[in-house]
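Thanks for coming, everyone. Please have a look at the sequence and the model on the screen. I will take you through a few parts of it.

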Amino acid sequence: MIFSRVTRQSKLTAIPLITYNTPTEELYKLADGGACLFKIKLGADPDGDGDCAKMLSADKKRALDVHNILKNYNSEYTDSGKIMYYFDANGRYDTKERLSELIRFFADNGILESTLLFEEPFVEHSDIFIGDLPVVFAADESVHSVSDVKKKADLGYKAITLKPIAKTLTQSVRMAECAYENNAGCFCADLTVSPLMVEWNKNFAYFHQLSSSHTLHSNWQSYGSAST
């Protein structure tokens with residue numbers, strides 16, 4: 001039975017969405033209000049020309065700016081006692097090399113140790129293997145079926161975003177079963193969730209909870225520029 005593999009969660013947390021347009025004052029307000037996990041959008045297109053080199057530079061700066069604000073906050077809700085980050089690139093990265101450069105930057109600047117998840121680095125039909133990078137990568141828009149989940153697990157993704165309303169409850173249960181069979185965690189990120197569905201979704205709480213990605217990778221400390 002699928003739910004014998006997971007511990008049903010009793011608590012929920014709000015995850016504020018931080019875009020490139022979120023003002024600094026809002027970050028302080030959210031952190032002061034007790035937010036413990038921030039979803040940070042990456043994949044900038046600063047000049048509207050699709051230049052991935054410019055995107056990488058902008059993403060580095062944005063991640064560091066946010067980290068420099070949040071790194072001094074403590075949280076009673078995370079294993080590390082610090083605020084955690086959930087990055088979402090919306091499929092904007094074009095190569096593993098460019099993504100690896102961003103992850104090295106995270107490692108060099110103390111961001112990696114507070115990174116819980118990194119969602120959808122590449123386009124939907126990418127076949128790039130990322131299981132050797134020291135981050136828990138999540139698949140969201142690129143998974144619609146059990147076969148998609150299996151493909152992403154084979155490519156090194158360790159988390160699957162379930163959407164029981166958008167992708168149906170039946171399909172979500174099947175996808176979760178496949179994810180667990182392939183050592184991937186699940187979490188729910190859905191729209192217009194009723195109170196009953198909220199209770200149901202607690203069964204799919206992400207099994208890594210609020211530990212950072214680097215605790216799941218023995219080589220994360222050697223990933224920074226000092227070793228390259």
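Start with α1 and α2: their crossing is right-handed. Keep in mind that this is a predicted model.

Two packed helices are described by the angle between their axes and the distance between the axes. What are those values here, for α1 and α2? The angle is about 40 degrees, and the axes lie 10 Å apart. Angles under 35 degrees would count as roughly parallel, and roughly perpendicular begins at 65. α1 and α2 are therefore oblique to each other.

Which residues meet there? On the α1 side, find Thr-24, Leu-27, Tyr-28 and Ala-31. On the α2 side, find Val-66, Ile-69 and Leu-70. Sort the residues of this contact by class, and you get 6 nonpolar, 1 polar and no charged.

Let me step back to the whole chain. The protein has 228 residues, and 49% of them count as buried. It holds 6 helices and 7 strands. Read from the N terminus, the order is β-α-β-α-β-α-β-β-α-β-α-β-α.

Next, the charges. How many salt bridges does the structure hold? There are 12. I will show you three of these pairs.

Lys-61 and Asp-65 form a salt bridge, at 2.8 Å from N to O. Asp-65 comes in at 32%, so Asp-65 is partly exposed.

The next pair is Asp-47 with Lys-54. Their side chains meet in a salt bridge at 3.0 Å, N to O. Asp-47 has 52% relative accessibility and therefore counts as exposed. Lys-54 has 32%, so Lys-54 counts as partly exposed.

Now the pair I want you to remember, Lys-41 and Asp-88. Their side chains form a salt bridge too, with N to O at 2.9 Å. Why does this pair tie together parts that are 47 residues apart in sequence? Lys-41 belongs to strand β2, residues 37-41, and Asp-88 belongs to strand β3, residues 84-88, so the bridge links those two parts. Both partners are buried.

Stay with Asp-88 for a moment. Asp-88 lies in strand β3. Its relative accessible area is 1%, and buried means under 20%, so Asp-88 counts as buried. What does Asp-88 touch, leaving out residues up to four places away in sequence? The list is Lys-39, Ile-40, Lys-41, Leu-42, Glu-119 and Glu-120.

To recap. α1 and α2 cross right-handed, and no charged residues take part in their contact. The bridge between Lys-41 and Asp-88 joins strands β2 and β3, and both of its residues are buried. Thank you, and I am happy to take questions.

Conventions
Residues numbered from 1 in each chain as written. Predicted model: local features only at pLDDT ≥ 70, side-chain atom pairs only at ≥ 80, totals over all residues. Heavy atoms only, no water. Salt bridge = Lys/Arg side-chain N within 4 Å of Asp/Glu carboxyl O. Helix = DSSP H or I, 4+ residues; strand = E, 2+ residues; numbered from the N terminus. Buried < 20%, exposed > 50% of the residue type's maximum accessible area, 1.4 Å probe, protein only. Axes fitted to C-alpha atoms, helices over the stretch in contact; angles between N-to-C directions. Parallel < 35°, antiparallel > 145°, perpendicular 65-115°, else oblique. Left-handed = near helix turned anticlockwise from the far one by under 90°. Contact = heavy atoms within 4.5 Å. Nonpolar A, V, L, I, M, F, W, Y, C, P; charged D, E, K, R; others polar.
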